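Dear colleague,

I am passing on the structure we spoke about, and my notes follow below it. Please look it over before you read on.

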Amino acid sequence: METFTAPLTLAERWQQYQQENPKSRIRDAARALSTSEAELLATRCTGLADSPVTFLSNDFRALLKQVPTLGRVMALTRNDSAVHERKGEYQKVSVNGHVGLVLGEDIDLRLFLGHWEFGFAVEENGRRSLQFFAADGEAVHKIYLLEESNHMAYDALVTQFRAVGQPATLSTQPTPAPTPEADDATIDVEGFRAAWRGMTDTHEFFGLLRQFNVSRTQALRLGPPELLRQLDSTAIDQALRLASEQQLAVMIFVASRGCIQIHTGLTERIVPTGPWLNVLDPEFNLHLKVGDVAQAWVVQKPTADGIVTSVELYDAAGNNVLLLFGKRKPGQPELTAWRELVAAL
């Protein structure tokens, strides 16, 4: 008689994967197991008081306003090719509709809450965190407690926002397919270039993309030639090292679908490790998989304060990996030293 062996559960498959790949991160495990980070975390949600994972209610607006009580923490936002980690306090937290802002000196975030679907409190390897995910189960933002964080406030927050149900499985939705790029021949290129040259604020750029129906990388191909220059894909290494040598403060933007995280300050310890280029400073860490960078551009945009210059990285699918600017505040012109650094790339 044949014996029937039940297929392994997702929790069992994850445990087996971890045994075979002890240094693997949860994002890699989710890919290997054809699932999502959020679904893996849910398998550890027992609903008991000592559960390592607690499912949170989706009242993210109210929850975010409580995060400042945690004190000094580490904020983490990533995409497939870049990981951005910044220590500090969540200050000046505000939410207007589906858009949230955190405007502290150290932690600077733009939050797009329409993409936030699931939240968990997670305790693993002695680390405590709040983790947030999109409808497809992909992480959009994480908050890790540090030794000096207010752990009592964390306990109170988790108790306050603990969901009524504690499901061990999640129902996720597949990510919608990206809209195909319009054919270059259908674009009003001269109109687009004129509108670009007429900008008075960098934030107008996204409206121009919609108005002229161009993708981000298509805009770089078709935009004003005098305001664009393509770089070697490895130029980011040189840019970070020059900024470090010159003690020139920069702004580094890394985005997930639901969060843009910004570091403003110096980048001092630049360390390559295998495929990763790392910034390993006490308050800020960046991990960039340089091989994923298919395009790198110098991009200039007119503003009321003069030209603003960025170094922009994109992957093979046209997704933005990272943006690099010189440190600047609204109302102030761009530093000459930053423009000279970019010109040297």
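**Cavity and sheet**

The largest cavity has a volume of about 30 Å³, a cavity being a set of points on a 1 Å grid over the protein atoms alone where a 1.4 Å probe fits but cannot get out, and the volume being the space filled by probe spheres set on the points, which are joined across faces, edges and corners. This is a predicted model, in which local features need pLDDT of at least 70 and side-chain atom pairs count only at pLDDT 80 or more, while totals for chains, interfaces and linings use all residues. Residues are numbered from 1 along each chain as its sequence is written, and side-chain values use heavy atoms, with hydrogens and water left out.

The lining (residues with an atom within 4 Å of a point) consists of Leu-76, Thr-77, Arg-78, Ala-139, Val-140, His-141 and Lys-142. Strand S2 (72–78) and strand S9 (139–145) are the elements that give two or more residues to it, strands being DSSP runs of E with at least two residues and helices runs of H or I with at least four, numbered from the N terminus.

Elsewhere, nine strands form an open antiparallel sheet in the order S4-S5-S6-S12-S11-S18-S17-S16-S10, where pairing requires at least two DSSP bridges between two strands. Strands S4 (93–96) and S10 (228–231) each have a single partner strand, so one side of each is left without a neighbour in the sheet. Within the sheet, five bridges join S17 (residues 306–314) to S18 (residues 320–326), and Leu-313 has Leu-322 in S18 as its bridge partner.

With best wishes

Methods
On a 1 Å grid over the protein atoms alone, a cavity is a set of points where a 1.4 Å probe fits but cannot get out, and a pocket is an open set with protein on both sides within 12 Å along at least five of seven lines; lining residues have an atom within 4 Å of a point.
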